[in-house]
Amino acid sequence: MTLVDSRPGIAAAFRQLSALTGVAIDAELAVTRLGPPLEHEIAHWYPVDEVPAVVARYRALYPEHAVTPSPALPGAAAALAAVRASGGRVLVLTAKKTELADLHLRHLGLVADELRGLAWADGKAQALRETGAIAYVGDHIADMAAARSADVFAVGVTTGPCTADELVEAGADAVLTDLRGFPPLLAQILFGRRVSD
């Protein structure tokens, strides 16, 4: 929900999963809770011992049902271009499985220099430290916590499940309504780094 509005596709995949398994899933409710690993959402609808098998089944349905309906969010392509224009590299971190996230990026023509899937909370913080990131943009309070833990500039966007107030409370240094505001903010972040060096 930072680069891609995956809600329509995820809802479609959940509806298909529901039809195939006979388990009622409120897909519209499920997509209001995006961010944490898939296992968290599946556990709302299936017994704990069935979660691993259902996760695998959902992921098998995902390429056919979830990729095409999911558009890029406003400013996504320009945000990636701004990073590259500044001499930076684009690292995409997601709780989604890497292969599935890659399908979204390829479908939308969004190119990452590095993509790490199945990353959540501390896993994102570790990746930020390992790659020497200077800023992280995310839509969830856990993203802001990861950025703070890694001591990088935390940029929240309200295109996901969290409000601006929630993102600020979680440690956001700046909050944007979408990525269209990111290129000028990146210029300010980089200027601030140069001044402090």
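**R59 and its surroundings**

Mentor: Leave aside the neighbours within four places in sequence, and R59 is in contact with L38, E39, K97, L100 and L118. Keep in mind that this is a predicted model. R59 lies in helix α4. Its relative accessibility is 18%. The cut-off for buried is under 20%, so R59 counts as buried.

R59, Y62 and P63 supply the α4 side, and L100, L103 and H104 supply the α6 side. By type, the residues of this contact are four nonpolar, one polar and one charged. Now the geometry. Two packed helices are described by the angle between their axes and the distance between the axes. Here the axes of α4 and α6 (residues 98-108) come within 11 Å and cross at roughly 10°. Angles under 35 degrees count as roughly parallel, and α4 and α6 are therefore roughly parallel to each other.

Stay with α4 and turn to its rings. The whole structure holds two aromatic pairs. In one of them, F14 and Y58 have ring centres 4.8 Å apart and planes at 40°, so this pair is tilted. F14 sits in helix α1 (residues 7-21) and Y58 in helix α4 (residues 51-65), so the pair ties together parts that are 44 residues apart in sequence. How accessible are the two partners? F14 is buried at 2% relative accessible area. Y58 is buried too, at 4%. Ring pairs extend the group to a cluster of F14, Y58 and Y62. Y62 also belongs to the contact of α4 with α6.

Now the charged pairs. Side chains of opposite charge can pair when their charged atoms come close. The search of the whole structure finds twelve salt bridges.

Start with R33 and E41. Their side chains form a salt bridge at 2.6 Å, N to O.

Next, E114 and R89. This salt bridge spans 3.9 Å, N to O. It links distant parts of the chain, 25 residues apart: E114 is in strand β2 (residues 114-116), and R89 is in the loop between α5 (76-85) and β1 (91-93). E114 is partly exposed, with 22% relative accessibility. R89 has a relative accessible area of 54%. Over 50% counts as exposed, so R89 is exposed.

Then K124 and D143. Their side chains meet in a salt bridge at 2.8 Å, N to O. K124 belongs to helix α7 (residues 122-131) and D143 to helix α8 (residues 141-149), so the pair ties together parts 19 residues apart in sequence. Both ends are buried: K124 at 5% relative accessibility, D143 at 3%.

Some bridges share partners. Through them, R89, E114, R116 and E130 join into one network.

Back to the starting point. R59 is a buried residue in helix α4. That helix runs roughly parallel to α6 and carries Y58, whose ring pairs with F14 of α1. Then follow L100 into α6.

Definitions and conventions
Residues numbered from 1 in each chain as written. Predicted model: local features only at pLDDT ≥ 70, side-chain atom pairs only at ≥ 80, totals over all residues. Heavy atoms only, no water. Salt bridge = Lys/Arg side-chain N within 4 Å of Asp/Glu carboxyl O. Helix = DSSP H or I, 4+ residues; strand = E, 2+ residues; numbered from the N terminus. Buried < 20%, exposed > 50% of the residue type's maximum accessible area, 1.4 Å probe, protein only. Phe/Tyr/Trp six-rings, centres within 6.5 Å; stacked < 30°, edge-to-face > 60°. Axes fitted to C-alpha atoms, helices over the stretch in contact; angles between N-to-C directions. Parallel < 35°, antiparallel > 145°, perpendicular 65-115°, else oblique. Contact = heavy atoms within 4.5 Å. Nonpolar A, V, L, I, M, F, W, Y, C, P; charged D, E, K, R; others polar.
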